[in-house]
Amino acid sequence: MSDMRELYQEVILDHNKKPRNCYVMDCATRSADGHNPLCGDVVKVYLRIEDGVIEEISFQGEGCAICTASTSLMTESVKGKSVAEARGLFEEFHEMLTGVAEEQGVELGKLQVFEGVREYPVRVKCATLAWHTLNAAMDGDDDAVTTE
Amino acid sequence: MTTPAVTATGPAVLDVERVRTDFPALHQESHGHPLVYLDNAATTQKPLAVIDAVRTFYERDCSNVHRGVHLLSQRATVAYEQARTAIKNHIGAGDSREIVFTRSTTEGINLVAASFVRPRLEAGDEVLISTMEHHSNIVPWQLLCEERGATLKVIPIDDDGDIMLDQYEELLSERTKIVGVVHVSNALGTINPVREMIELAHARGVPVLIDGAQALPHFAVDVRELDCDFFVCSGHKAYGPTGIGALYGKREHLLEMVPYQGGGDMILSVTFEGTTFNEPPHRFEAGTPNIEGAIGFAAALRYLDAHGLDAVAAHESQLLTDATEAVLAVPGVRLIGSARYKASVLSFVMEGVHPHDIGTILDSEGVAVRAGHHCAQPVMARYGLSATVRASFALYNSTQEIDALVAGLKKVREVFG
């Protein structure tokens with residue numbers, strides 16, 4: 001049970017229940033679709049990028065608590081950041097979930113709550129789907145990304 | 001081979017505790033809890049009778065079939081062909097030559113699509129399947145229809161998960177070249193009225209393929225009584241090894257079917273000018289087959305028969321009734337699939353919690369279930385869902401395991417509120 005509380009931390013449960021920035025953005029300059037074919041999770045990320053800065057970000061989608069909370073927290077943490085900073089954050093986030101390195105170059109802040117996902121390899125993709133989709137949107141990639 | 005755990009007198013009742021001793025994999029811990037294996041619709045655990053049959057083949061009879069003049073090859077050939085006969089007997093076919101060994105149910109369907117339906121399918125023709133098919137009984141037909149300019153038609157189901165027979169009758173037409181329907185839905189548990197459906201199709205001269213993957217472990221199947229044209233199944237869903245399946249096809253169909261794959265064993269003679277193909281079933285078994293798989297498959301069916309499928313069905317039916325009641329008593333749980341006749345498959349969702357989160361929390365309690373779309377996305381879409389939790393029961397599951405499932409679901413409620 002204590003293990004489950006480590007995975008499903010209060011912040012995650014809160015963002016799952018009340019996802020932030022969850023709306024269709026009419027004035028988006030970029031968007032991308034993400035799909036995890038293994039479990040059927042889908043997410044669409046909308047961006048309004050001006051002068052290389054993510055001025056506005058939102059999403060729509062359906063997925064498990066890890067996926068939904070990760071997407072919601074991602075939108076909060078990259079809003080106002082440059083595209084390059086967002087990519088750097090994804091690298092750090094990915095490293096936290098899959099890597100061996102103990103040290104972190106960038107402060108992950110609230111995203112740290114997903115550290116417990118490390119222990120559940122099959123759920124790592126739930127946490128990273130949103131980020132892969134964000135990357136695709138920033139690349140201007142029209143093809144839907146998948147976790148596979 | 002272990003003695004069947006059946007009581008000596010009276011109606012056959014499964015002695016579950018004894019049955020469990022036949023399955024080594026059940027006796028382990030998962031995340032510090034006794035393993036509660038409720039993912040049997042994905043694959044079943046294997047009894048010692050199957051493990052021993054496979055081991056014996058490798059320890060004693062290992063060689064290729066239908067080729068060698070030497071003793072081991074003769075023994076392997078006999079064991080392989082006896083396995084074919086065992087499968088024939090189990091499903092009530094009349095002739096061993098009507099049993100083709102395949103890799104899986106999926107391969108059986110692809111084989112029928114390629115060798116039986118493709119040559120007779122023309123532009124404008126129709127293939128008829130149901131809403132509750134597994135992807136394996138959808139995609140092969142989609143590919144074929146696309147290639148031939150034919151149309152894939154779908155029989156609707158009602159909210160309970162029953163096929164709408166009146167709609168089915170209307171969809172059957174002179175353009176229908178085959179009906180492909182699942183005997184037992186892996187996602188809903190529905191047992192379809194396949195006998196009636198076959199009769200209706202035959203009245204219009206339409207052949208029928210039955211996807212029997214989920215039927216085989218749960219109740220007795222008699223292909224001659226059903227009068228199906230094809231019946232496909234897999235070993236691993238019925239306590240046998242993975243990588244082996246069987247296709248039953250009426251002899252008259254198999255005789256006129258073109259080869260599926262080319263290679264060794266499916267030929268009588270080969271020159272560079274041309275090849276004479278072997279008779280069925282060998283015509284459809286190119287290459288060295290999964291010999292130990294076939295032997296293990298037959299051992300699994302013998303194991304099931306030793307217990308008596310009626311006893312198995314009665315036990316599983318009681319488990320399903322008890323589990324349905326217990327799971328529905330957990331706040332926020334909604335059953336998906338409440339057909340009139342069901343096999344021991346319990347699909348459900350829980351308000352406010354995604355099936356994957358339920359699956360992870362149950363797993364942390366040692367309870368193995370499936371969470372997802374069950375390779376049947378169209379039926380999920382029919383219910384407006386992307387996924388469900390599925391607990392599926394086998395002959396070795398106990399009522400205590402239902403308690404563990406329910407306790408796990410209560411943990412889910414504790415975490416998610």
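1. Let's start with contacts in chain B. Among its contacts with a separation of 6 or more, 71% are accounted for by residues 24 or more positions apart. Two residues are in contact if their C-beta atoms, placed from the backbone, lie within 7 Å. Please keep in mind that this is a predicted model, in which local features need pLDDT of at least 70 and side-chain atom pairs count only at pLDDT 80 or more, while totals for chains, interfaces and linings use all residues. Residues are numbered from 1 along each chain as its sequence is written, and chains are lettered from A and ligands numbered from 1 in the order in which they are written.

2. Now the make-up of chain B. You will find 14 helices and 17 strands in it; helices (H or I, at least four residues) and strands (E, at least two) are DSSP runs, numbered from the N terminus. Chain B has a radius of gyration of 22 Å, close to the 22 Å given by the globule rule for 417 residues, so it is as compact as a globular protein of that length. This radius is taken over C-alpha atoms, and the rule is 2.2 Å times the number of residues to the power 0.38. Along the principal axes, the C-alpha atoms of chain B fill a box of roughly 70 × 55 × 40 Å.

3. How much of chain B is buried? The share is 50% of its 417 residues. A residue is buried if 20 or more other C-beta atoms lie within 10 Å of its own, exposed if 12 or fewer, and partly exposed in between, with C-beta atoms placed from the backbone.

4. Glu126(B) is buried, because 20 other C-beta atoms lie within 10 Å. Leaving out residues up to four places away in sequence, Glu126(B) touches several residues, among them Ala150(B), Lys153(B), Ser173(B) and Arg175(B). Ile267(B) is 141 residues from Glu126(B) in sequence, and their C-alpha atoms are 32 Å apart in space.

5. Next, a helix pair. In chain B, helix 12 (residues 355–364) and helix 14 (residues 399–416) pack at about 120 degrees, with axes 9 Å apart. Axes are lines fitted to C-alpha atoms, for helices over the stretch in contact, and angles run from 0 to 180 degrees between N-to-C directions. Helix 12 of chain B is therefore oblique to helix 14 of chain B; angles under 35 degrees count as roughly parallel, over 145 as roughly antiparallel, 65 to 115 as roughly perpendicular and the rest as oblique. Helix 12 of chain B contributes Ile358(B), Ile361(B) and Leu362(B) to the contact, and helix 14 of chain B contributes Gly408(B), Lys411(B), Val412(B) and Val415(B).

6. Where the chains meet, 13 residues come from chain B and 14 residues from chain A. On the side of chain B that touches chain A, helix 12 and helix 14 of chain B each supply at least two residues. Helix 12 of chain B gives the largest share of that side, 5 residues.

7. Finally, chain A. It has 5 helices and 4 strands, running α-α-β-β-β-α-α-α-β from the N terminus on. Buried residues make up 42% of its 148 residues. The C-alpha atoms of chain A fill a box of roughly 45 × 30 × 30 Å, taken along the principal axes.
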